[in-house]
Amino acid sequence: DAYFVGFVQTDGHLNHKTVTISIGNQDRSILEQFCKRYGGKVTSSIRNTNFANDCVLSEWKLGSVYFVKSLNHIG
């Protein structure tokens, strides 16, 4: 769980009801493991980033007010 929290802090985003983590598609298997453990959905997209154009990213997203509140509680 600490590994997951580290991912949220470095590559994640929280709003009031959703947690999202976006990373390079080459590491998609990490997000798929999060999906198996916590639920949610993994998708891929092509975006322009600060580092590269047409970058293939994978994104894990879970919509849960309770889950987001729990993450906020632990910091």
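This is a predicted model: local features need pLDDT of at least 70, side-chain atom pairs count only at pLDDT 80 or more; totals for chains, interfaces and linings use all residues.
Colleague: In what order do the strands of the open sheet lie, and what is the pairing?

Modeller: Strands of a sheet pair through backbone hydrogen bonds, either parallel or antiparallel. Here 4 strands form an open sheet in the order β1-β2-β4-β3, with antiparallel pairing; two strands pair if DSSP finds at least two bridges between them, and helices (H or I, at least four residues) and strands (E, at least two) are DSSP runs numbered from the N terminus. Because β1 (12–14) and β3 (41–47) stand at the edges, each with a single partner strand, one side of each has no neighbour in the sheet.

Colleague: How many bridges join β1 to β2?

Modeller: There are 3 bridges between β1 and β2 (residues 18–24), which run antiparallel, and G12 stands opposite I21 in β2.

Colleague: At what angle do α1 and α2 pack?

Modeller: Two packed helices are described by the angle between their axes and the distance between the axes. Axes are lines fitted to C-alpha atoms, for helices over the stretch in contact, and angles run from 0 to 180 degrees between N-to-C directions. For α1 and α2 the angle is about 120°, with the axes 12 Å apart.

Colleague: Which residues of α1 meet which residues of α2?

Modeller: Y3, F4 and F7 in α1 meet I30, F34 and Y38 in α2, where contact means heavy atoms within 4.5 Å.

Colleague: Which conventions apply?

Modeller: Residues are numbered from 1 along each chain as its sequence is written, and side-chain values use heavy atoms, leaving out hydrogens and water. Local features need pLDDT of at least 70 and side-chain atom pairs count only at pLDDT 80 or more, whereas totals for chains, interfaces and linings use all residues.
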